[in-house]
Amino acid sequence: MRRGAGRTRAGWSAGFTLLEVLVAFAILSVAVVAVIQGFAQGLRLLKVAGDHQRAALLADQKAREVLNPVEAHDKGQDGGFDWERSVTVIATPDLERTPAARKWHVYQIDVKVRWGDTRAVQVGTLRTLAGQPEGGLPRTRTTPGGLPPTRTTR
């Protein structure tokens, strides 16, 4: 056995120094803060995505509510969202060429939903509708409840 083997030098002890422990804690704290901020950002993005989806569904619903379009502009609020809907007639010169196509009108339906300070979603669609005959609504037979008659076969 060599001389001095197994002995520690004077002033040295087994284990970590105070400086090594402080550096390890600094690295660990930076990593923990970064992970917590990452989770917080993920939750914020999840809320924004949920709001965006609800706004898109509301805009689609408001566009589908227009069954018999007429030129109009209306607005309202629904669950923290402000919406605007405008219906306009689009000029269609190609439909004026034949008498059968002249009765058709094309309507553009635009719905814009806003929430928060700067967030908004806009949905646009086109709808066609045959023009009304002279004198008002088209003539159809209805049952006493106001529904169109149903056909039964036996």
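To begin, what share of the contacts in the chain with a separation of 6 or more comes from residues 24 or more positions apart? Then please look closely at the sheet.

Author: This is a predicted model. Residues 24 or more positions apart account for 42% of the contacts with a separation of 6 or more. Now the layout. The chain holds two helices and four strands. From the N terminus, the order is α-β-β-α-β-β.

Next, the sheet. Four strands build an open sheet, ordered β1-β2-β3-β4, with antiparallel pairing. The edges belong to β1 (72-78) and β4 (119-130). Each has a single partner strand, so one side of each is left without a neighbour in the sheet. On average, neighbouring strands are turned by 15 degrees against each other, direction ignored. In general, strands of a sheet pair through backbone hydrogen bonds.

Take one pair. Strand β3 covers residues 104-115, and twelve bridges join β3 to β4. The two run antiparallel. Tyr-107 stands opposite Arg-127 in β4.

α1 lies across β1, β2 (81-90), β3 and β4. The helix α1 runs at about 150 degrees to β3.

Phe-16 sits in the segment before α1 (18-64). Phe-16 counts as exposed because its relative accessibility is 71%, and the cut-off for exposed is over 50%.

Last, the whole chain. Of its 154 residues, 16% count as buried. The chain exposes about 13,100 Å², and carbon and sulfur atoms supply 58% of that area.

Definitions and conventions
Residues are numbered from 1 along each chain as its sequence is written. This is a predicted model: local features need pLDDT of at least 70, side-chain atom pairs count only at pLDDT 80 or more; totals for chains, interfaces and linings use all residues. Side-chain values use heavy atoms; hydrogens and water are left out. Buried means under 20% relative accessible area, exposed over 50%, partly exposed in between (1.4 Å probe, protein chains only). Contact means heavy atoms within 4.5 Å. Accessible areas come from the Shrake-Rupley method with a 1.4 Å probe; for residues, only the protein chains shown count as cover. Two strands pair if DSSP finds at least two bridges between them. Axes are lines fitted to C-alpha atoms, for helices over the stretch in contact, and angles run from 0 to 180 degrees between N-to-C directions.
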